[in-house]
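Please examine the sequence and the structure shown here before reading on.

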Amino acid sequence: MNITKNRFKSLLMALALAFICQVVGAQAIYEDERYVPETDPLVLEKLEQWQDMKFGLLMHWGTYSQWGIVESWSLCPEEYGWCERTKGSNPSDYNTYKIEYEGLQKTFNPVKFDPDKWAKAAKHAGMKYVVFTTKHHDGFSMFDSKYTDYKITDPKTPFSTNPKANITKEIFNSFREQGLWAGAYFSKPDWNTPTYWDPYYPPRDRNVNYEPEANPEKWQAYIDFTHNQILELLTDYGKVDILWLDGGWVAKTPKSEITNWYEQQLVNNDNGYLKNRIVNQDIKMDELVVKAREKQPGLIVVDRAVHGKNQNYLTPENRVPEKPLPYPWESCIIAGGGWSYSFDAKYMTGREAIHTLVDIVAKGGNLLLNVAPSPEGEWDEGAYRLLNEIGDWMSVNKEAIYGTRSMAPFKFDNVCVTAKPDGTVYLTYLLEKGQTSLPSEIVFPDYIPKRSAKAQLLDGKQKLKWTQKEDGMAIQLPKDLGAQLLGTEAFVIRIK
């Protein structure tokens, strides 16, 4: 079978179901998973390369790691669980809490920071790109920005005297040296900057706390501040491949969308009380993307949860779609604890991570796995163990992961299906924890291979006998391989 990339896209379109999903966790907003295709040929080429990579690393890190709390959100005066204040001398008093939270800058000193070690572990795991939080919603810049003193390199930050103080630059350099792409996570809202949260007013929710249209100069100052910081990252930090923008509520929002949002919020609301609002916040993204790609031609831009041409791929958060999706996408998944550092975090097992990766790839997506560094600048041993287990499996089976696309039926029973444009097909059998036996054969439903087709295991290159049945291709599993195959998290059969 010869399977072209165009046919892959057609298969993907036929299999995918359009649905509206909730972006959970930090954003807590609804994202209508529509997609506007990119037209820039350099970006399209880069997106194709990115879709071949399949596996990346996400890192949330900032001063908040010292308290082991969710990143930034405790500063937000919204009545959601992820905004709960649990640290500080008096968490019931918001103003005191904000002062103490921002005071964490004065004690942040991750002297054990070793990005080379992280990069080598990521490479061994089979990761191909890194996305690092250069700035989260709290506004603390993990890079040497000249537009704020709330940053890792400011004299108030103890780590500023360290030779590796410019953390973003060090991380990008280390990961690029290992052959990984560099991606910059950047928060569009900034809760530290007076042109977003004006200190004259108390913050009301996650949004800007003044009316942008009534204060055009102030809002323009915020636009300039945001553009300038992003352009710093794209000018002074070497090759940047992905600009990963968070805070989808900061966007140009037409009145019809605002009206519809409020109508939906009030459907089951009897008292009219809303925990947050929707506000038109036109940050001039089209202009920014043009300027960004002048600095970094072909740059992939991910304006998360904002429908339009500046969301080159979509990012379901901490979940995996049920079916293949008809556009480039990536599930960002927590490896252990939370997005930010958690003391005594429990990490997923190697089996869970490998099965998640295989499931996502079979549906045509990428996995962006989040690992959060500690206040001292270390990863937990659990994170290294996990990445090492993934890497050991990938060293044998990576052929079924990289450069593949989704193929119908994408999954049957506990077998995931991927394929390459040259017609090679891969069946990845996911073994359950404690499984003690295997079927005598795997029947690939409705699949008719050429008579000359060969089936073999990637592990050991063992050739397998197969026959054609009415219901599909039946591949025999020799009994003498049972112990070998049961000893792994998943095994792969290649049909060529």
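A residue is called buried when its relative accessible area is under 20%, exposed when it is over 50%, and partly exposed in between (1.4 Å probe, protein chains only). Helices (H or I, at least four residues) and strands (E, at least two) are DSSP runs, numbered from the N terminus. The model is predicted: local features need pLDDT of at least 70, side-chain atom pairs count only at pLDDT 80 or more, and totals for chains, interfaces and linings use all residues. Residues are numbered from 1 along each chain as its sequence is written, and side-chain values use heavy atoms, without hydrogens and water.

In strand β11, Val415, Val417 and Ala419 point one way, Cys416 and Thr418 point the other way, and all are buried. Because five of the five residues of β11 are buried, the strand is largely enclosed by the rest of the structure.

β11 belongs to an open sheet of six strands with antiparallel pairing, in the order β10-β11-β12-β18-β14-β15. Its edge strands are β10 (405-412) and β15 (463-464), each pairing on one side only. Two strands pair if DSSP finds at least two bridges between them.

| Strand pair | Bridges |
|---|---|
| β10 and β11 | four bridges |
| β11 and β12 | five bridges |
| β14 and β15 | two bridges |

The hairpin of β10 and β11 has two residues between its strands, and aspartate 413 in the turn has a positive phi of about 50°.
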